[in-house]
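Biologist: Please put the model on the screen. I would like to go through some of the labels attached to it and ask what each one rests on.

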Amino acid sequence: MFHININGKDIVAEKNKNLLDFLRDDMDFIAVKNGCGEGACGACMVLVDGKPFRACLLNLEKVSNKSIFTVEGLSEYERDVFAYSFSKEGAVQCGFCIPGMVVSAKGLFLKTFDPTDNDIKIALRGNICRCTGYVKIVKAIKEAARIFREGEVVPKVECKGLVGENTVRVDAEDKTLGKGRYAEDIRIPEMIFGGAVRTAYPRAIIKSIDLSEVIKLDGVIGVVTAEDIPGHKNIGHLSFISDWDALIGVGETTRYMGDAIVLIGAKNKEILKKAKELVKIEYEVLEPIVDLDEALKENAPKIHTKGNLLFKQVLKRGDADEAIKKAKYVVTNTYTTPYTEHAYLEPESATAIPKENGIKIITSSQSVYDDQREVARLLGLQPSDVEVESTYVGGGFGGKEDMSVQHHAALLAYKLRYPVQFTLNRQESLVVSTKRHPMKIEMTTACTEDGILLGMKAKILSDTGAYASLGGPVLQRACTHAAGPYNYHNIEIEGITVYTNNPIGGAFRGFGVTQSAFAIESNLNKLAEMVGISPFEIRFRNAIEPGMILPNGQIADSSTALKETLLAVKDVYENNKLVGIACAFKNAGIGVGLPDIGRCLLSIENGKVHIRTSAACIGQGVGTVVLQIVCETTGLLPTDIVVELPSTVRTPNSGTTTASRQTVFTGEATRDAALKLKEALKSNSLSELEGFEFKGEYSGVTDPMNSEKENPESHVAYGYATQVVVLGEDGKVKKVVAAHDVGRAINPKNVEGQIEGGVVMGLGYALTEDLKVENAVIKSKFGTLGLLRSTDIPEIEPIIIEKNTADLVYGAKGVGEIVVIPTAPAVQGAYYKYDGKFRTSLPLKETAYKK
């Protein structure tokens, strides 16, 4: 017997178990999040007798006769204060970490209601946030402390929801107080738990599978292997490739450590764990292919039947060889960039529910329609027989575009006829999920004696790992952006992406441009030194302007504001000694001639306007963006509007949340629908329009890769940016100033949050994050990834540049991806000034962060 007081209520537990599991599974306290299960992330933070502890590290025996506090235990006044301060300051993005942050703040407030910024950062040391960069969380906690200190009545936030206003996020309160449900928070009657037994080796032939002991275990509902798949066993984010095996069968060869061999459904998590241990698999172990050059050899074993070359991209414009030959200065360097783990705070989870003629899936995803298509393929069903509904998404950054658990949950539920919840533990997530592609980039850049760029050549070699995922498109973006946002036209770029038995490379914020921008921007620093001008000056002399032609041939439109971003950071660059600078540009939309459509449906239900779009909010705040667009267009108030979560039944296909596209594409589709509603409101009240629907759609028409047009339009829009990194005398980053051309900020505070979070992610990429992979096996844990914490963060100054006056989505451009791109090369330049060492690999070595 264990006696515990939880949020003021005495609880008696019969048996000892993990405190996190007890709070979530027995008490249904969903505000206590299961982020890592190893004491690293702080999403499960609770107070034990007033002191912060991570619940995942405690059991009931350790907390017996103690008082436990969770967010659910806040008083009504405390709830109002935290909801107000976190909403007002824009501190909530994906929101998965926020209840844990609130608990840490509550622990701090038991000591003082007058904390300094440093006090707050120290109090949050045990909490990781991957979205916000911590800046606005610190501000929110400081504002909450002020209200508590002064005993102030909590103000009511009133917003008109207009474009350009800091409208409070539609989901901020639910996320702050832990009321909003994420995928693992779903509870279904008679629900069982699913899990996978995965390969013990990255490359091995499955000789036999023995399930005899498993099926004898009481509480095991059933098992599924490859031979039980009713449809196609191979799926994939790109339907025309579909090379990712859902399960590996007897006689087949595994391709990476995340490959699943057996699926098990069990009555509870304890039985599931035991059942997985009872599976006996006989392997013929083969040597994994881990080296790109080895993989490309003619006699190399084929990871896929078509060979180990996934994709090759060649881009040529002008005569790069001739331009380089005539140049005064030429720089050639070879750069290497590492795997990076997305490290979203929410591990992958899905609940599948069998239906009479199909299946329903509740999950967190970047596209419910992609989930629908891939699951239908696996189960041999029509897409209409697969219903997918999204919960809140606890971060994505590209990592939740591919199938991870949705297909396995669906397969188990479909075969066993039980509702099945399938959740990855954190280490399993690290093994299974896609990563930022490691790349090797040989780059040559040439200029005149005055620093005017003439030409460049690059060879990019990318490791896509065991399956294609988005390896081809990522390589394309790395190539199309490799020359940088500058005015020169002699380029020759060859890109190759290769299959190995390593972890899978997939979509990741920046989508290949983080890698190639590191190379081109670092080369510019060398050229500036040769010319005898500053890194700022060489960029300013070559910066693209409206009417000029980008290296890919596209004419820069009138909204182009790269020079404006440079001028915005000029003073801080010139008034500091140890500084680095880098520019970037990034497309909004998929582009390159591919279909790209945003859709929105506005329906009038019970006197409210329901915004129905499948655009996934993964922290970037697209739900609030479309609300503001409706308010701006129609004059309605936020109180008149309901923003629905994505659903293949309720919301039209708005495309994947990727390529910084949702604000532009779904935003414009929403504006289109709202204009129709506005017209109807001229002669009808909202109540008179009950039951009416207004559809909007926007299709971005672009030209394909290597178009024969003299000036092809590769993308409908580009954002531009310049970031400056200032080092202190101790070699640590003291300040980052980030100027971003966003066209028009629909929600300025939201945009600031994107910039701050992106900068911190970029700093991690540059300095500390290093996923350890040895012989195709991941050796890192969540706590050893090198994620930056609150006490590691420098001052960050976001500068928003607004220049676009186009009607398209009120002038807005995508900002989600570009914010992470210039940071690493800016840090590289700062360290080059600091100690004269020109570093060509990430994370940078011999720094105050990485010895």
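**Labels and what they rest on**

Modeller: Lys-66 has a relative accessible area of 31% and is partly exposed. This is a predicted model.

Biologist: Why is Lys-66 called partly exposed?

Modeller: Buried means under 20% and exposed means over 50%. The value for Lys-66 is 31%, so the label is partly exposed. Asp-49, with 46%, is partly exposed as well.

Biologist: What makes Lys-66 and Asp-49 a salt bridge?

Modeller: The cut-off is 4 Å between a side-chain nitrogen of Lys or Arg and a carboxyl oxygen of Asp or Glu. For Lys-66 and Asp-49 the N to O distance is 4.0 Å, so the pair counts as a salt bridge. In general, side chains of opposite charge can pair when their charged atoms come close.

Biologist: Which parts does the pair of Lys-66 and Asp-49 tie together?

Modeller: Lys-66 is in the loop between helix 2 and strand 5, and Asp-49 is in the loop between strand 3 and strand 4, so the pair ties together parts 17 residues apart in sequence.

Biologist: How far apart in sequence are the parts tied together by Glu-752 and Lys-136?

Modeller: The closest N and O atoms of Glu-752 and Lys-136 are 3.0 Å apart, and the two form a salt bridge. Glu-752 lies in helix 21 and Lys-136 in helix 6, so parts 616 residues apart in sequence are tied together.

Biologist: Why is Asp-770 called buried?

Modeller: Its relative accessible area is 18%, and the limit is under 20%, so Asp-770 is buried. Its salt-bridge partner is Lys-772, at 3.1 Å from N to O. Lys-772 is partly exposed, with 43%.

Biologist: How many salt bridges does a search of the whole structure find?

Modeller: The search finds 60. There is also a network of salt bridges that links Asp-25, Asp-28, Arg-181, Glu-184, Arg-187 and Lys-269.

Biologist: How do you know that His-740 is buried?

Modeller: His-740 has a relative accessible area of 0%, and buried means under 20%, so the label applies. His-740 is in strand 30. Beyond four places away in sequence, the residues His-740 touches include Thr-565, Tyr-720, Ile-755 and Val-819.

Biologist: What makes the pair of His-740 and Gln-723 a polar contact?

Modeller: A polar contact needs N or O atoms within 3.5 Å, one able to donate a hydrogen and the other to accept it. The side chains of His-740 and Gln-723 are joined at 3.1 Å, so the distance meets the cut-off.

Biologist: What makes a space a cavity and not a pocket?

Modeller: A 1.4 Å probe fits in a cavity but cannot get out, whereas a pocket is open. The second largest cavity has a volume of about 90 Å³. Among the 13 residues of its lining, Arg-198, Trp-244, Gly-258, His-407 and His-408 are closest to the centre.

Conventions
Residues are numbered from 1 along each chain as its sequence is written. This is a predicted model: local features need pLDDT of at least 70, side-chain atom pairs count only at pLDDT 80 or more; totals for chains, interfaces and linings use all residues. Side-chain values use heavy atoms; hydrogens and water are left out. On a 1 Å grid over the protein atoms alone, a cavity is a set of points where a 1.4 Å probe fits but cannot get out, and a pocket is an open set with protein on both sides within 12 Å along at least five of seven lines; lining residues have an atom within 4 Å of a point. Grid points are joined across faces, edges and corners, and a volume is the space filled by probe spheres set on the points. Helices (H or I, at least four residues) and strands (E, at least two) are DSSP runs, numbered from the N terminus. Buried means under 20% relative accessible area, exposed over 50%, partly exposed in between (1.4 Å probe, protein chains only). Contact means heavy atoms within 4.5 Å.
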